[in-house]
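The following exercises concern the structure shown below. Each consists of a task and a solution worked in steps.

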Amino acid sequence: MTRAVYDDAGSGLAVVLLHGYPFDRSMWREQIDFLSAHGYRVIAPDLRGFGETVAQTSFAELSGPSHRLKSVPINEVDRTITSMADMAHDVATLMDKLEIVDAAICGLSMGGYVAFEFVHLFPTRARTLVLAGTRAPADNEQEKQARAQQAEQMLAKGMGDIAGATLPKLLAARTLTEKPGVVGRVREMILRADPRGAAAAQRGMAARRDYSGDLPGIRVPVLIIVGHQDPIRPVTDAEFMHRGLSDSRLKIIEDAAHMTNMEQPENFNRALLAFMETLDNTAGASPPS
Ligand code: MLT
């Protein structure tokens, strides 16, 4: 069992926000405030190995086979892996704890992979999916190798180089020049990430399944969001998911790259709310104990 640190705000139908890599729940600040003010209960966990969940998982007195970050000797840390399914199970465990039967599951990038695993493992618990800046296919060999190298680099040298190299891809040119506050928040999130948790998640992403075959079987409505200038998960990835899903809508956000929700929070929130309002906004009742 993983004791996730999470935000829980508002009341109504639950919306679970799953952050990307190597970020934490603070990336959802604008969505937590907005959705909780519009009649939703918003749950935003730090996924396993990220944000404050690192300290808890590393030092708390927990045990169990799925609890991999804890009690790993330092010389074995480079073999740990956090799978997308591990994270999806953590989300379900957190929902159990909070007595949430089903929820809208919204994931950005890595969070989207976790959302794919969640709806696969717990199909009745996802009321809907929001897939932002993510993709269905698995990594090719070259991408897997790049992840392995980045994991080693992080463990050896920390997060500094990664922050410098990835910021220009994560954020659109306009964000980089006009929104220093957003640039600073993204940089800080990367720099404070625990390299051990990030490396374990990199290995988990490299090992993730190809979700393309899942698309036709996803029976809930899906909102796909993508930044028009996203070089990491470009519009073509979003269009691929849109074609494969039976009930989806696609929102392309201008002047945004990978971090659509932070770069253009008003547009992101408006799209999210318009989509949520098409659903039955009643919170699922707790199962009888
Ligand atoms: C993310 O933002 O979560 C990452 O870009 C996901 C990935 O590396 O595939």
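**Exercise 1. Backbone exceptions in loops**

E99 is located in the loop between α3 and β4. The model is a predicted one.

Task: State what value phi takes at E99, and determine whether E99 is buried or exposed.

Solution. 
Step 1. Most residues other than glycine have a negative phi, and most peptide bonds are trans.
Step 2. Against this background, E99 has a phi near 60°, a positive value in a residue other than glycine.
Step 3. The relative accessible area of E99 is 53%. Exposed means over 50%, so E99 is exposed.

Task: Locate D255, give its phi, and classify its accessibility.

Solution. 
Step 1. D255 is found in the loop between β7 and α11 (260–263).
Step 2. Its phi is near 55°, again a positive value in a residue other than glycine.
Step 3. The relative accessibility of D255 is 27%.

Task: Identify which residues are joined by a cis peptide bond, and place P22 in the fold.

Solution. 
Step 1. The cis bond joins Y21 and P22, with omega at about -5°.
Step 2. P22 belongs to the loop between β2 and α1 (29–37).

**Exercise 2. The sheet and strand β3**

Task: Give the order of the strands in the open sheet and name the edge strands.

Solution. 
Step 1. The protein has twelve helices and seven strands.
Step 2. Seven strands form an open sheet with mixed pairing, in the order β1-β3-β2-β4-β5-β6-β7.
Step 3. β1 and β7 (248–253) are the edge strands, each of them pairing on one side only.
Step 4. On average, and with direction ignored, neighbouring strands of this sheet are turned by 15° against each other.

Solution. 
Step 1. For the protein, 54% of the 289 residues count as buried.

**Exercise 3. Helix packing**

Task: Characterise the packing of α3 (residues 84–97) and α4 (residues 110–121) by angle and distance, by handedness and by the residues in contact.

Solution. 
Step 1. Two packed helices are described by the angle between their axes and the distance between the axes.
Step 2. For α3 and α4 the angle is about 70°, and the axes are 8 Å apart.
Step 3. Angles of 65 to 115 degrees count as roughly perpendicular, so α3 is roughly perpendicular to α4.
Step 4. The crossing of these two helices, α3 and α4, is right-handed.
Step 5. The contact involves M84, A85, M87, A88, H89, V91, A92 and M95 of α3, together with M110, Y113, V114, E117, F118 and L121 of α4.
Step 6. By class, the residues of this contact are twelve nonpolar, one polar and one charged.
Step 7. α3 also lies across β1, β2, β3 and β4 (103–108), and runs at about 145° to β2.

Task: Carry out the corresponding analysis for α5 (residues 141–157) and α9 (residues 195–206).

Solution. 
Step 1. The axes of α5 and α9 come within 9 Å and cross at roughly 170°.
Step 2. Angles over 145 degrees count as roughly antiparallel; α5 and α9 are therefore roughly antiparallel to each other.
Step 3. On α5 the contact residues are K144, R147, Q150, A151, M154 and L155, and on α9 they are P195, R196, A198, A199, Q202, R203, M205 and A206.
Step 4. The residues of the contact of α5 with α9 comprise eight nonpolar, two polar and four charged.

Terms used:
Residues are numbered from 1 along each chain as its sequence is written. This is a predicted model: local features need pLDDT of at least 70, side-chain atom pairs count only at pLDDT 80 or more; totals for chains, interfaces and linings use all residues. Side-chain values use heavy atoms; hydrogens and water are left out. Axes are lines fitted to C-alpha atoms, for helices over the stretch in contact, and angles run from 0 to 180 degrees between N-to-C directions. Helices (H or I, at least four residues) and strands (E, at least two) are DSSP runs, numbered from the N terminus. Angles under 35 degrees count as roughly parallel, over 145 as roughly antiparallel, 65 to 115 as roughly perpendicular and the rest as oblique. A crossing is left-handed if the near helix is turned anticlockwise from the far one by less than a right angle, and right-handed if clockwise. Contact means heavy atoms within 4.5 Å. Ala, Val, Leu, Ile, Met, Phe, Trp, Tyr, Cys and Pro count as nonpolar, Asp, Glu, Lys and Arg as charged, and the others, Gly among them, as polar. Two strands pair if DSSP finds at least two bridges between them. Buried means under 20% relative accessible area, exposed over 50%, partly exposed in between (1.4 Å probe, protein chains only).
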